[in-house]
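Subject: Structure handover

Hello,

Please find the structure below, with notes on what was found in it.

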Amino acid sequence: FERLDSIVARHGATRVIDDAYLVVLGDNPNTTPPGGVKALAKVMLKIAEEILEAGEKVRTTSGEGESLNIQIGIASGDVYSAVAGIKLGYFTYFGQAVREAVFAAVKGHPHCVHVTEHFVELLGAPREDFA
């Protein structure tokens, strides 16, 4: 995860390992880029693009040495954070936007970035740009 962590850190986002590699952007006003949610959306797309590129450079040790099978889901909206667990607590994020992003990634195709309709609306881009 070192390569992915460096991409995420360079863009001022937060990474949390849960059931998947989770990136949250906009949770810290000190690292939020100027320009509001549209700027955050553009940065998140850049992070996703760089993660896909990094995944292409890493080869698996089994079979033909294929690149990593990375599936990315992006959603926008409110998220909540907490320390979960009693005995071995861990920091995590949860909420509708997290569920939507995970669903988009799991149901999507490898080596692609899958975004929700709400995320596309935030960008103000034509839907065709995301086909």
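I begin with H111, which at 37% relative accessibility counts as partly exposed. The label sits between two others: buried means under 20% relative accessible area, exposed means over 50%, and partly exposed is what falls in between (1.4 Å probe, protein chains only). H111 is placed in the loop between α3 (96-107) and β6. Its phi is near 65°, a positive value in a residue other than glycine. For background, most residues other than glycine have a negative phi.

Some ground rules. This is a predicted model, in which local features need pLDDT of at least 70 and side-chain atom pairs count only at pLDDT 80 or more, while totals for chains, interfaces and linings use all residues. Residues are numbered from 1 along each chain as its sequence is written, and side-chain values use heavy atoms, with hydrogens and water left out.

Confidence

pLDDT is the predictor's confidence in each residue, from 0 to 100. Its mean over the chain is 80, and 83% of the residues reach 70 or more. Confidence is lowest in strand β1 (residues 14-17), at a mean of 70, and highest in β6, at 88.

Overall layout

The chain has four helices and six strands. These are DSSP runs numbered from the N terminus: helices are H or I with at least four residues, strands are E with at least two. Along the sequence they follow the pattern α-β-β-α-β-β-β-α-β-α. Of the 131 residues, 33% count as buried. The chain exposes about 8,500 Å², of which carbon and sulfur atoms supply 55%; the areas come from the Shrake-Rupley method with a 1.4 Å probe, and for residues only the protein chains shown count as cover.

A contact means heavy atoms within 4.5 Å. Among contacts in the chain with a separation of 6 or more, 49% are between residues 24 or more positions apart.

The nonpolar core

A nonpolar core here is a set of buried Ala, Val, Leu, Ile, Met, Phe, Trp, Tyr and Cys residues joined through side-chain atoms within 4.5 Å. The largest one has 22 residues, and M44, I47, I51, I72, I74 and F119 touch the most other members. At least two residues each come from α1 (2-10), α2 (36-57), β3 (71-74) and α4 (117-123). The most is given by α2, with nine residues.

Three of these residues can be followed further. I51 is found in helix α2 and is buried, at 9% relative accessibility. Leaving out residues up to four places away in sequence, I51 touches L4, I7, I70 and I72. L4 is 47 residues from I51 along the chain, yet their C-alpha atoms are separated by 6.0 Å.

I72 is found in strand β3 and counts as buried at 12% relative accessibility. Beyond four places in sequence, its contacts are A48, I51, L52, A105, C112, V113 and H114.

Helix α1

Which residues of α1 are buried? They include L4, I7 and V8. Seen down the helix axis, the buried residues fall within an arc of 95°, so they line one face of α1; the arc is that of the directions from the axis to the C-beta atoms. On the other side of α1, E2, A9 and R10 are exposed. Just after the helix, G12 takes a positive phi of about 75°.

H114 lies in strand β6 (residues 112-115) and is buried, with a relative accessible area of 16%. Its side chain reaches the backbone nitrogen of H109 at 2.8 Å. Not counting residues up to four places away in sequence, H114 touches I72, G73, I74, A104, G108 and H109.

T116 is found in the loop between β6 and α4. T116 is also buried, with a relative accessible area of 13%. Outside four places in sequence, T116 touches I74, A75, S76 and E100.

Regards

Definitions and conventions
A polar contact is a pair of N or O atoms within 3.5 Å; within protein, one must be able to donate a hydrogen and the other to accept it, and residues adjacent in sequence count only if both atoms are side-chain atoms.
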